[in-house]
Amino acid sequence: MISPFDNTGRDKDILKSFSTALQAEGKSANTISGYVITARQLLRIHKNDPSRITQESLDSFFSGFNARNQTQNIKKAAINAFLAYLYARKRLNSQFIIKSHNITLPEPEYLSKGEQDRFFEVLQADRARIRDYTLFAVMLYTGLRVSEVVNIRLKDIQDDQLVIRQSKTGPGKGYIRKKLTALLDVYLASFKSPLGREDYVFRSKQRRRLSVRMVQLLIKKYLRLAGIRKDL
């Protein structure tokens, strides 16, 4: 008997279908990628046969991951979504629900008004930092995550709106303040050659999209230059 997940069976693209279902739910690209990777791991240890899944095998699966509650919960959210997907499509005879740990997260650190002023004074001190000044101003005025701001393309700036295409909460539009619109106009005018509609707005000297890690390092750099001792 051929498993419905056997590479020779008609459902060999089940993970791709799972990914499509997550997209339809409005999940972000990063979330989808993480969920699919975890689902693939689960299938592998069950020899690509969901009928082998039991409560005991699920417990064993999770015991192999980092014991940190937050890491466990990320994996459990992915597996819960995958199990629900399989059950809804009659790939599983039993419905499993994996309980997550309760996590109390500490309050995040943030910049006071005075610290914000010092942070941006450092950025304004050198015209060569216009990209970084604009990037952090966008984050401050809109509340965008780092992963969201680095994915802004020129086509996403539409008059008084920013179109957010890759977000943890799904795609959508966000209004921007007039002051921010003016900052963006000055920044975009600083390019020697105009950006194309598909070009990323915040780019490296090599004209590549800034990475999340690069922005994190820039934050640390300017905090240090501003004499601010906080881990943001």
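Predicted model: local features only at pLDDT ≥ 70, side-chain atom pairs only at ≥ 80, totals over all residues.
**View 1. The buried and exposed sides of helix α1****.** Helix α1 spans residues 14-24. Its buried residues are I14, L15, F18, S19, A21 and L22. They lie on the same side of α1 because they cover an arc of only 160 degrees around the axis. An α-helix has 3.6 residues a turn, so residues three or four places apart point the same way. K16, Q23 and A24 are exposed on the other side of α1.

**View 2. The salt bridge between R52 and D49****.** Their side chains meet at 4.0 Å, N to O. R52 is partly exposed, at 46% relative accessible area. D49 is buried, at 18%.

**View 3. The salt bridge between R131 and D132****.** The N to O distance is 2.8 Å. R131 is buried, with a relative accessible area of 18%. D132 is also buried, at 5%.

**View 4. The salt bridge between E198 and K155****.** These side chains meet at 3.1 Å, N to O. The pair links distant parts of the chain, 43 residues apart. E198 sits in the loop between α8 (178-189) and α9 (212-225). K155 sits in the loop between α7 (146-149) and β1 (157-158). E198 is partly exposed, with 45% relative accessible area, whereas K155 is buried, at 18%. Salt bridges with shared partners join R153, K155 and E198 into one network. The whole structure holds eight salt bridges.

Terms used: Residues numbered from 1 in each chain as written. Heavy atoms only, no water. Buried < 20%, exposed > 50% of the residue type's maximum accessible area, 1.4 Å probe, protein only. Helix = DSSP H or I, 4+ residues; strand = E, 2+ residues; numbered from the N terminus. Arc of directions from axis to C-beta.
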